[in-house]
Amino acid sequence: MSAIAPPTPVSSPAHFVRVEAAALQRLADRLEGEMKPALDSALALLSQTAASGHRVALTGIGKSGIVARKIAATMNSTGTAACFLHPVEALHGDLGMLTRGDLVLALSYSGESEELLRLLPVFARLGMPIISFTGAPASTLATAALVNLDVSVPEEACALNLAPTASTTTMLALGDALALELSRQSGFQPDDFADLHPGGPLGRRLARVRDLMHSGDALPHVLASTPMPEVIYEMSRKKLGMTTVLKPTPKSAQKTGQPPGFTLAGIISDGDLRRLLERVGPHALDRTAGDIMNRTPQTIAPGAFASAALVQMEEKKITSLVVVNQGLVEGVIHLHDLWQLTPR
């Protein structure tokens with residue numbers, strides 16, 4: 001007799017994911033259809049709040065509260081000022097974080113969370129408009145809101161259809177969508193994102209060249225007339241495997257408004273030294289920096305992202321870039337300074 005195959009489980013990790021994915025697809029379809037008027041109204045309210053300098057206060061209890069915290073974090077990191085208001089703590093003093101003109105984004109799938117409903121008279125007294133995420137458009141919260149966004153789902157991923165799963169995923173996706181659309185409408189740029197993310201691996205990827213470059217006494221530099229023994233000494237002392245070759249700003253240029261400083265004549269790398277020794281042997285030490293320098297080095301602006309410097313070095317197969325600002329040399333950035341930016 002052949003073995004009887006075990007029955008295919010009705011519920012499995014893959015099934016749970018598909019239930020949540022189906023809920024997201026349904027939400028996306030509805031946002032382009034029946035929910036579009038409410039979505040447009042919500043975005044208009046949020047945009048007006050942000051433009052007036054006020055904040056979006058997100059609130060919710062339980063799993064909805066956790067989602068509200070995350071949406072607030074996404075808004076803050078993409079240019080929309082937001083905060084999380086815990087409903088229970090709000091009843092004991094945290095309402096002081098709100099001001100007239102702020103907007104409330106309240107999350108409750110049932111729309112009947114007692115802790116939120118107790119705050120409704122306060123929001124009304126402060127003249128704070130409410131946008132709600134609920135799965136029950138006829139609920140108390142939904143009807144009290146100026147705009148309700150329906151996040152109802154046909155089923156939860158939970159096998160018992162009880163634990164908030166597909167519904168909280170839908171709330172989170174809708175909150176992220178609102179945050180990202182507000183960011184797009186406001187013209188939020190990579191520079192703005194960098195200013196809000198100075199720490200951690202992301203902050204390092206968004207660091208500016210000026211923050212990582214070698215400048216001042218750490219900048220390897222010689223003049224075109226510098227003899228090769230001094231060039232080698234400078235390269236060894238600064239330990240970047242290269243040196244810049246500089247020339248003073250001409251007085252004629254200074255008369256036209258350019259500040260005094262040094263412009264870039266060229267660079268000399270370890271490779272340039274090796275090639276010189278291969279060509280002329282011991283007589284290499286008779287040369288000057290100007291004799292062997294590369295007159296067309298790669299440069300980058302101090303305000304460029306460090307990640308852009310890394311890309312440029314990888315494309316050109318080089319290990320350093322000279323940092324130039326308005327024609328004047330400000331520093332050098334080396335590949336070693338950027339290794340921490342490479343994803344691992």
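Student: Is Asp 176 buried or exposed?

Tutor: In this predicted model, local features need pLDDT of at least 70, side-chain atom pairs count only at pLDDT 80 or more, and totals for chains, interfaces and linings use all residues. Residues are numbered from 1 along each chain as its sequence is written, and side-chain values use heavy atoms, with hydrogens and water left out. Buried means under 20% relative accessible area, exposed over 50% and partly exposed in between, for a 1.4 Å probe and protein chains only. Because Asp 176 has a relative accessibility of 19%, Asp 176 counts as buried.

Student: Which residue forms a salt bridge with Asp 176?

Tutor: A salt bridge is a side-chain nitrogen of Lys or Arg within 4 Å of a carboxyl oxygen of Asp or Glu. For Asp 176, the closest N and O atoms of the pair are 3.0 Å apart, and the partner is Lys 70.

Student: How many residues apart are Asp 176 and Lys 70?

Tutor: Helices are DSSP runs of H or I with at least four residues, numbered from the N terminus. Asp 176 lies in helix α8 (residues 166-185) and Lys 70 in helix α3 (residues 63-77), so the pair links distant parts of the chain, 106 residues apart.

Student: What relative accessible area does Arg 275 have, the residue whose side chain meets Asp 272 in a salt bridge?

Tutor: The side chains of Asp 272 and Arg 275 meet at 2.9 Å, N to O, and both residues lie in helix α14 (residues 270-280), 3 residues apart. Asp 272 is buried at 15%, whereas Arg 275 is partly exposed, with a relative accessible area of 44%.

Terms used. Helix = DSSP H or I, 4+ residues; strand = E, 2+ residues; numbered from the N terminus.
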